[in-house]
Amino acid sequence: MNIITCIAPVNIAVIKYWGKRDEKLILPLNDSVSATLSIKEMHAKTTVMASPNFKEDKIWLNGKEETFQNQRLQSCLQEIRRRAKQKADNKGDSISNWSIHVCSENNFPTAAGLASSAAGYACLVFALAQLYDVSGDISGIARQGSGSACRSLYGGFVRWHQGSALDGSDSIATQVAPESHWPEMRILVLVVSDKRKKVSSSAGMQNSVNTSELLKYRVSHCVPQRTEAIVKAIINKDFDTFADITMKDSNQFHAVCLDTFPPNVYMNDTSHAIVNLIHSYNTASEKNKVTYTFDAGPNACLYLLQSEVPKLLAVLNHIFPAGNESVEYLQGIPVEKQAVSQEFIAAIGMQPQEPGLLKYMIHTEVGVGPQVLNEPRHHLLTDAGFPK
Ligand code: DP6
């Protein structure tokens with residue numbers, strides 16, 4: 001088979017990766033930890049095809065042809081071809097001399113500002129590894145496409161080890177616990193309305209490395225301890241500690257962004273209102289019931305246990321009423337409606353906000369790593385190798 005189609009998941013970090021020690025190899029300044037989100041709700045889908053008839057490598061992303069002359073794409077492709085050629089059986093060898101066509105799309109809007117490059121590069125590298133029959137760790141290859149992509153190669157809870165080797169060979173992702181380990185864990189992505197043009201993660205973190213003193217302190221004094229503690233909390237299914245560390249690490253990451261000069265402002269007023277709500281919710285519950293984390297954008301990612309979802313949704317619907325747009329407000333895993341008591345709403349002590357501050361919410365869970373789709377109908381390329 002010279003054509004393969006795969007899907008790969010999004011991951012959301014609870015210990016953030018922010019800052020590189022090597023820009024080309026994409027080596028991070030610190031370890032990071034994430035959960036892989038279910039492929040059912042959100043995924044990247046990629047078809048790769050090799051043929052002696054293709055004149056050059058070509059790639060189409062979300063319906064548009066893009067150039068393959070991009071350092072990150074080239075790093076991934078060259079590395080996987082090098083690994084294919086090392087193989088004894090030679091299957092990979094012959095195909096790896098042919099040009100390839102790649103077609104990739106996300107099943108969620110890229111405009112939502114969700115981690116699309118992580119799923120995209122994980123999917124590309126996983127699909128190429130299938131095509132060329134490359135085995136062994138490939139997270140170190142996906143890392144060279146986009147750092148956070150290395151974590152999307154595994155399901156469950158994942159740790160990206162910063163490593164110490166100059167060539168990056170030990171900067172790889174490993175699984176902390178499989179998706180079956182903590183089956184009650186749920187994720188609610190709150191897609192926040194926002195029109196500002198943001199600084200990309202890559203440019204933003206480079207600026208932080210160059211200008212933020214707080215980043216140095218974070219890397220040396222905070223992340224190592226937090227990483228060990230959150231891994232332990234995941235293994236022990238200790239939600240309270242997991243929640244505590246997740247919120248603190250998100251806040252510190254955004255503090256580093258503000259300590260960057262000029263500052264990177266990723267969260268907006270709605271993001272901060274969500275933070276206030278979650279703290280009030282936890283105080284009113286007398287326990288950490290929900291935790292938040294924000295990437296390089298205004299969207300919130302909430303982690304909570306299944307039993308808490310109906311109550312939190314009732315509160316969210318009350319405080320952040322839907323706008324009158326035609327999009328479904330709650331997407332993903334369906335939830336049975338539950339009313340929330342007036343006492344609890346009063347204990348939260350927050351007034352309902354104007355409708356439409358949130359575009360929509362995606363309810364999902366922790367899921368598996370990349371998958372191969374075997375049926376030909378899934379291919380995004382025709383037999384001749386062009387987008388369907
Ligand atoms: C805030 O992986 O997108 O989401 O390696 O430059 O491609 P590059 O950056 P990227 O950065 C992700 C940053 C983050 C935190 C995280 O996912 O750990």
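So, how many residues of domain 1 are in contact with domain 2 here? In this model, which is a predicted one, 23 residues of domain 1 are in contact with 28 residues of domain 2.

On the domain 1 side, strand E2 (11–15), strand E10 (157–160) and strand E11 (173–177) each put in at least two residues. E2 gives the most, with 3 residues. As for what that side of domain 1 is made of, we've got 14 nonpolar, 4 polar and 5 charged residues.

Let me back up to the domains themselves. The assignment has domain 1 as 3–178 + 373–378, and domain 2 as 185–365. Their C-alpha centres lie 27 Å apart.

Now the record. UniProt, in an unreviewed entry, lists residues 187–373 as "domain: Mvd1 C-terminal". In our model that span is 48% helix and 17% strand, and its end C-alpha atoms are 25 Å apart.

If you want to find Pro-262, look in the loop between helix H7 (239–259) and helix H8 (269–285).

Then a couple of positive phi values. Asn-62 isn't a glycine, yet its phi is about 45°. Asn-62 sits in the loop between strand E7 (58–61) and strand E8 (64–66), and it counts as partly exposed because it has 14 C-beta neighbours inside 10 Å.

Asp-133, also not a glycine, has a positive phi of about 60°. Look for Asp-133 in the loop between helix H3 (116–131) and helix H4 (139–142). With 16 other C-beta atoms within 10 Å, Asp-133 is partly exposed.

Key. Residues are numbered from 1 along each chain as its sequence is written. This is a predicted model: local features need pLDDT of at least 70, side-chain atom pairs count only at pLDDT 80 or more; totals for chains, interfaces and linings use all residues. Domain bounds come from an automatic or database domain assignment. Two residues are in contact if their C-beta atoms, placed from the backbone, lie within 7 Å. Helices (H or I, at least four residues) and strands (E, at least two) are DSSP runs, numbered from the N terminus. Ala, Val, Leu, Ile, Met, Phe, Trp, Tyr, Cys and Pro count as nonpolar, Asp, Glu, Lys and Arg as charged, and the others, Gly among them, as polar. UniProt positions are given in the numbering used here, feature names are shortened, and annotations may be inferred rather than shown by experiment. A residue is buried if 20 or more other C-beta atoms lie within 10 Å of its own, exposed if 12 or fewer, and partly exposed in between; C-beta atoms are placed from the backbone.
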